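Have the structure open while you read.

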Amino acid sequence: MKIRFNSVFQSDKYNRYMADLFSDYEFFRNKKYSALCQEELALVFGQNTYHLLTHSATGGLEMIAKAMDIRPGDEIIMPSFTFVSTANAFVSHGAIPVFADISISDFNLAFTEIEKKISEKTRAVVVTHYGGHSTNLDAIRQLCDAHQLIMIEDAAMAFGNSYNGQPLGTIGDMGVISFDITKQISAIQGGVLLVNTPDFMDRLDAIYHIGTNRTRFETQKVPYYEWIDTGSKYQMNELNAVALYDNLLNRAHILNKRKELSRIYFNELSSYADLILPEHKLQENIHLFYLLARSEEEREALRHHLSEKGIEAMFHYIPLHTSKMGKKFPSGTLPVTDHVSGSLLRLPLHTGMTEQDVVEVCDAVKRFYNGR
Ligand SMILES: *Cc1c(COP(=O)(O)O)cnc(C)c1O
């Protein structure tokens, strides 16, 4: 492939951080680079949000499900157009995922669809910020409050974006952001769990520390730490923290470069404006740049055409309600989800690309639509 779908950002300081970490055993023991990442994250998310660095956003979602004490039969409203982890965390505890349809304007949960799915058994609503862009979160927050539902943000793709000035991930009771290799800011593998409602903090803290009161020990509130709950080893490891620290320090460069490349995509493909990422989204950080083909056949033909030119383009998601596991749960029809997942194509977007690369991708797209 000449133009890859993604790449890893690494600054020229990366090797120096790594050598520093290995220079002293204490740096591992005290999690020096995790602590440095925490300082950067406090600048992004503010001091009022408690954040726990995790080995993945998937791990963060599992911690949330555990902290909620899910009981079999509890219902969790969520999109079907999302990653597997959104549902898996809750279903593992016996919850029923209640899939609601998305809106065609932003591919996020449609407010009226959420409302329709609320029942006596509903415990929570999980909103996925598709492509890192949000929807009418005030209204969803009010709806959750009115029905005493927990609001969870799967902000996996949303690092650095906000809603009415409030960082995404800090609006729900709890939220997760992913630092996976596929995301714009990356630890290679990693995530952060954001806890915005104090009620959950102690519980999550124990779950995070393999079911112990280790934090109380570290802050000298108890003389030793012991087993107090169930939990697991959800922490990020220090090697990933080095990669994350390097990315976090360069976040302005990374996010701006993605915006600049997205602007070129938009300008070059503006004659297909009804099919591409809407222009107003370019004000925000861009996780992905997409094109909506007119049918699944057209999408697959375009993907094939790009591949022949050495350009790697990808689609996602197989909707959860049509997947082998998801079909076990009743969902009704989700026409917008079906349409978007069948026609969406993600174009390459990463800091390893040049402006010329983007123009080349666009030329290939144009040749496809102009009869090659
Ligand atoms: C990437 C992603 C996840 C999973 O993140 P990991 O850090 O890879 O576990 C979950 N939900 C959504 C919406 C994602 O895009």
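Helix 4 (residues 57-67) and helix 8 (residues 201-208) have axes that come within 10 Å and cross at roughly 125°. Axes here are lines fitted to C-alpha atoms, for helices over the stretch in contact, with angles from 0 to 180 degrees between N-to-C directions. Helices are DSSP runs of H or I with at least four residues, strands are E runs of at least two, and both are numbered from the N terminus. Helix 4 and helix 8 are therefore oblique to each other (under 35 degrees is roughly parallel, over 145 roughly antiparallel, 65 to 115 roughly perpendicular, the rest oblique). Met-63, Ile-64, Lys-66 and Ala-67 of helix 4 make the contact with Arg-203, Leu-204, Ile-207 and Tyr-208 of helix 8, where contact means heavy atoms within 4.5 Å. By class that's 6 nonpolar, no polar and 2 charged residues; Ala, Val, Leu, Ile, Met, Phe, Trp, Tyr, Cys and Pro count as nonpolar, Asp, Glu, Lys and Arg as charged, and the others, Gly among them, as polar.

A word on provenance: this is a predicted model, where local features need pLDDT of at least 70 and side-chain atom pairs count only at pLDDT 80 or more, while totals for chains, interfaces and linings use all residues. Residues are numbered from 1 along each chain as its sequence is written, and side-chain values use heavy atoms, with hydrogens and water left out.

On a 1 Å grid over the protein atoms alone, a cavity is a set of points where a 1.4 Å probe fits but cannot get out, a pocket is an open set with protein on both sides within 12 Å along at least five of seven lines, and lining residues have an atom within 4 Å of a point. Volume is the space filled by probe spheres set on the points, which are joined across faces, edges and corners.

| Space | Volume | Lining by class |
|---|---|---|
| Largest pocket | about 810 Å³ | 9 nonpolar, 11 polar, 7 charged |
| Second largest pocket | about 470 Å³ | 9 nonpolar, 11 polar, 4 charged |
| Largest cavity | about 90 Å³ | 4 nonpolar, 7 polar, 2 charged |
| Second largest cavity | about 60 Å³ | 6 nonpolar, 3 polar, 2 charged |

Tyr-208, part of the helix contact, is also among the residues nearest the centre of the largest pocket, along with Lys-31, His-209, Glu-218 and Gln-235. Strand 1 gives that pocket the largest share of its lining, 4 residues.
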